[in-house]
Amino acid sequence: MEEEKVIRHHYLDWIKVLAIFIVFLYHCSMFFNSFDWHIKNNTINHTYIEFFSLLVGNWIMPIFFVISGMSAYYALKRRNSKSFMKERFLRLGLPLLLGIFVLSPPQVFIERITNNQFVGSFIQYFPHYFDGLYLEIGGTGNFAFFGHHLWYLLMLLVFSGITLPFFQKTRMNARRKEFNLLHYLFLPIPLSIAALTVNSIVNLGSWGIIYYLLLYIFGFYFFSRESLRRFVRNIGILAGVLSILFTAIYLSWVMFYGFPMTAGVSWGVFMIVRVLLVWNTIFLILYLGDQFLNKSNRALSYASEASMPFYVLHQPIIILIGYLIYNLAWPVPVKLIILVSSSFAIIMWIYHFMIRRVNILRVMFGLKGNKEMSSEKRMEDTVKL
């Protein structure tokens, strides 16, 4: 069978870059809103900042897992299983280890001292970092074995390993059935079942591990089909309308009635609304990306390479800047501007002047070494996240 021609989907690179920036803004918002986080401002904002957190919190991580599943399909068309897993361990495993042993200890330390759970310097605290497993914000364990915000890398490594035997059988099957209306209508059913039954099993970023695994599998088997783009162009506007509708229902529900706390009919309806919100928002994002972002330039090449280091660094830097300003008597808008602008500037300075120029740092942050990757190769690589 003739192998399918590998087509570069630049809009997926743009979606990845923009999604990581939204994650950055989301974690900045967590410093000010009323939800549990590692460090909180001395004044909580229940209006526009909390609205933003609610607006993006449902779908931002699901879009990563869908794109990761698509990326796995494209990667396995060019690599064998051994090469695929080697790359995964290097590009995901090394940044994860860096996060666990270098970037997480300061984050846990700041959480402990700002919540009066520890008194002393970071040097005095560091041996205690290995006391118990960090399982939740406000808990007593310290060792963040999942790298705090880098849990996504750990999940992606696990998913890559357990799905590889099944994906191997599909990688050379170039002529797959077209994505059609039945897929759009019925694939949310297993997502809804997962949300209603096992969403509490390793719940990260508001969704359970099984839910994310299904999205990753769907990304590989369904969203990577070339026919999806034609389908998205036809369904995109409808998906956008439904996305707005379910988002409005969700926001109104939370703002007027709060989150349902016990299982029941209302809780079940609430969870299905969330699933349909995410599902249609994914199609809306793919539609907008295909319509407006399917082109490459130097900015995309630079931002795409910077995305992994940016993702790895963003939360530790936000928490550090937050620690410096959390108790100051400044208005929330002033602190928000300072937190966003200074965190972004520091992250990009570290990347531009240090990480991208030093081979050992490139490798530790999930990039290829300079000798290993020519500028032409950078433009041809598929999405890594």
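Author: One more point before we start: the model is predicted.

Reader: Where is R229, and why is R229 called buried or exposed?

Author: R229 lies in helix α10, which covers residues 227–257. Buried means under 20% relative accessible area. The relative accessible area of R229 is 13%, so R229 is buried.

Reader: Which residues does R229 touch?

Author: Not counting residues up to four places away in sequence, R229 touches H9, Y11, D290 and N294.

Reader: What makes the pair of D290 and R229 a salt bridge?

Author: A salt bridge needs a side-chain nitrogen of Lys or Arg within 4 Å of a carboxyl oxygen of Asp or Glu. In D290 and R229 the closest N and O atoms are 2.6 Å apart, and the pair forms a salt bridge. The side chains of R229 and D290 are also joined by a polar contact of 2.6 Å. For a polar contact, the cut-off is 3.5 Å.

Reader: What makes this a link between distant parts of the chain?

Author: D290 is in helix α11 (residues 265–292) and R229 is in helix α10, 61 residues apart.

Reader: Which other salt bridge does D290 form, with R233? How do you know that it counts?

Author: The side chains of D290 and R233 meet at 2.6 Å, N to O. The limit is 4 Å, and the pair is a salt bridge. This pair also links distant parts of the chain, with D290 in helix α11 and R233 in helix α10, 57 residues apart.

Reader: Why are D290 and R233 given the labels they have for accessibility?

Author: D290 has 9% relative accessibility, so D290 counts as buried. R233 has a relative accessible area of 41%, so R233 is partly exposed.

Reader: Which residues make up the network of salt bridges?

Author: The network links E226, R229, R233 and D290. A search of the whole structure finds eight salt bridges. One of them joins R79 and E87, with the closest N and O atoms 3.1 Å apart. R79 and E87 are both buried.

Reader: How many aromatic pairs are there, and what makes the pair of F31 and F32 edge-to-face?

Author: The structure holds 54 aromatic pairs. Ring centres must lie within 6.5 Å, and planes over 60 degrees apart count as edge-to-face. The rings of F31 and F32 have centres 4.8 Å apart and planes at 80°, so this pair is edge-to-face. F31 has a relative accessible area of 0% and is therefore buried. F32, at 0% relative accessibility, also counts as buried.

Reader: What are the values for the pair of F109 and F122?

Author: F109 and F122 are 5.5 Å apart centre to centre, with 75° between the planes, and the pair is edge-to-face. F109 is in helix α4 (residues 81–114) and F122 is in helix α5 (residues 122–125), 13 residues apart. F109 is buried because its relative accessible area is 11%. F122 has 29% relative accessibility, so F122 counts as partly exposed.

Reader: How do you know that the charged end of R274 sits over the ring of W207?

Author: The distance part of the test asks for CZ of Arg within 6 Å of the ring centre. The charged end of R274 sits over the ring of W207, 4.0 Å from its centre.

Methods
Residues are numbered from 1 along each chain as its sequence is written. This is a predicted model: local features need pLDDT of at least 70, side-chain atom pairs count only at pLDDT 80 or more; totals for chains, interfaces and linings use all residues. Side-chain values use heavy atoms; hydrogens and water are left out. Helices (H or I, at least four residues) and strands (E, at least two) are DSSP runs, numbered from the N terminus. Buried means under 20% relative accessible area, exposed over 50%, partly exposed in between (1.4 Å probe, protein chains only). A polar contact is a pair of N or O atoms within 3.5 Å; within protein, one must be able to donate a hydrogen and the other to accept it, and residues adjacent in sequence count only if both atoms are side-chain atoms. Contact means heavy atoms within 4.5 Å. Rings of Phe, Tyr and Trp (its six-membered ring) pair if their centres lie within 6.5 Å; planes under 30 degrees apart count as stacked, over 60 as edge-to-face and the rest as tilted. A charge sits over a ring if NZ of Lys or CZ of Arg is within 6 Å of the ring centre and within 35 degrees of the ring normal.
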